[in-house]
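Here is a friendly walk through a few local features, for reading alongside the coordinates.

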Amino acid sequence: MFWSAAIKSVLLAFPALFSIVNPIGGALIFHEATADRSPAERAWIAGRVGIYATLVLLGSLLAGTYILNFFGISLAALRIAGGLVIAVKAWELLSGPEHKARPAERAAAPAGEAAAIAFFPLTMPLTAGPGAISVSIALASERPHEGIAVGGFFLGASLAACALSLLIWVMYRSADRLIGFLGPTGVATLSRLIAFVLLCIGTQITIDGVQATLKPVFAQ
């Protein structure tokens, strides 16, 4: 029962989280957002994003519902706020100029600033944002209600979250190789396309939150 629940939760959680996080598309966004950094800084930031993503996903799985209830925050409010942040950041990437910083400028980037952007906006909300948090909380709500299957469920879901975070780190660290394979034109086109899709995702998350907020009102 324990291992059966663990395997089922892995098969449930990994595809659900992968589809919303999209580490391949995120690697292009990561490269665009860190184009003014040195290769060593980008590798360091990629590692930090992987660690932060692990903490966010595990925290959402294990304690997300309790944290939201403690602060009196509804899942709808989380979706509205997070969706707006995603949409704003996606619009900046979509409409902003291409990054063409010189090596000297990249070398002069402050380390503290690199640490700051590793969490916001690269981890939150662009990688493990409100969409991933919402999915994680929804997955946790599907847990068995009693017995050792509960432990198996959370073990499997946690392993899925860790595996996804590892994949995020690998893809972000390899973003330069992916960019080299696509070429300048392919990167420019795909980056804008992914930024537009990210804008749509942020808009959809906001709409879902608004609908969930207004549904009780219209029901009355």
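Helices here are DSSP runs of H or I with at least four residues, numbered from the N terminus. Please keep in mind that this is a predicted model.

Is Ser 165 buried or exposed? Its relative accessibility is 2%, and since buried means under 20%, Ser 165 counts as buried.

What does Ser 165 touch, once residues up to four places away in sequence are set aside? The contacts are Gly 50, Ala 53, Thr 54 and Leu 57. With Thr 54 there is also a polar contact between the two side chains, at 3.0 Å.

Helix 3 takes in residues 39-71. If its 33 residues formed a straight helix at 1.5 Å a residue, the span would be 48 Å, yet the end C-alpha atoms are only 40 Å apart.

## Aromatic pairs

How many aromatic pairs does a search of the whole structure find? The answer is six. One of them joins Phe 2 and Trp 3: the ring centres lie 5.1 Å apart and the planes meet at 85°, so this pair is edge-to-face. Phe 2 is partly exposed at 25% relative accessible area, whereas Trp 3, at 60% relative accessibility, counts as exposed.

Phe 30 and Tyr 172 make a stacked pair, with 4.9 Å from centre to centre and 20° between the planes. Phe 30 belongs to helix 2 (residues 23-33) and Tyr 172 to helix 8, so the pair ties together parts that are 142 residues apart in sequence. Both partners fall under the 20% limit for buried residues: Phe 30 counts as buried because its relative accessibility is 1%, and Tyr 172 is buried with a relative accessible area of 4%.

## Cysteines

How many disulfides does the structure hold? The count is zero. For anyone looking at cysteine side chains, Cys 162 is partly exposed, with 34% relative accessible area. Cys 200 is likewise partly exposed, at 38%.

Terms used. Residues numbered from 1 in each chain as written. Predicted model: local features only at pLDDT ≥ 70, side-chain atom pairs only at ≥ 80, totals over all residues. Heavy atoms only, no water. Buried < 20%, exposed > 50% of the residue type's maximum accessible area, 1.4 Å probe, protein only. Polar contact = N/O pair within 3.5 Å; in protein donor to acceptor, adjacent residues only side chain to side chain. Contact = heavy atoms within 4.5 Å. Helix = DSSP H or I, 4+ residues; strand = E, 2+ residues; numbered from the N terminus. Expected span 1.5 Å × (residues − 1). Phe/Tyr/Trp six-rings, centres within 6.5 Å; stacked < 30°, edge-to-face > 60°. Disulfide = S-S within 2.5 Å.
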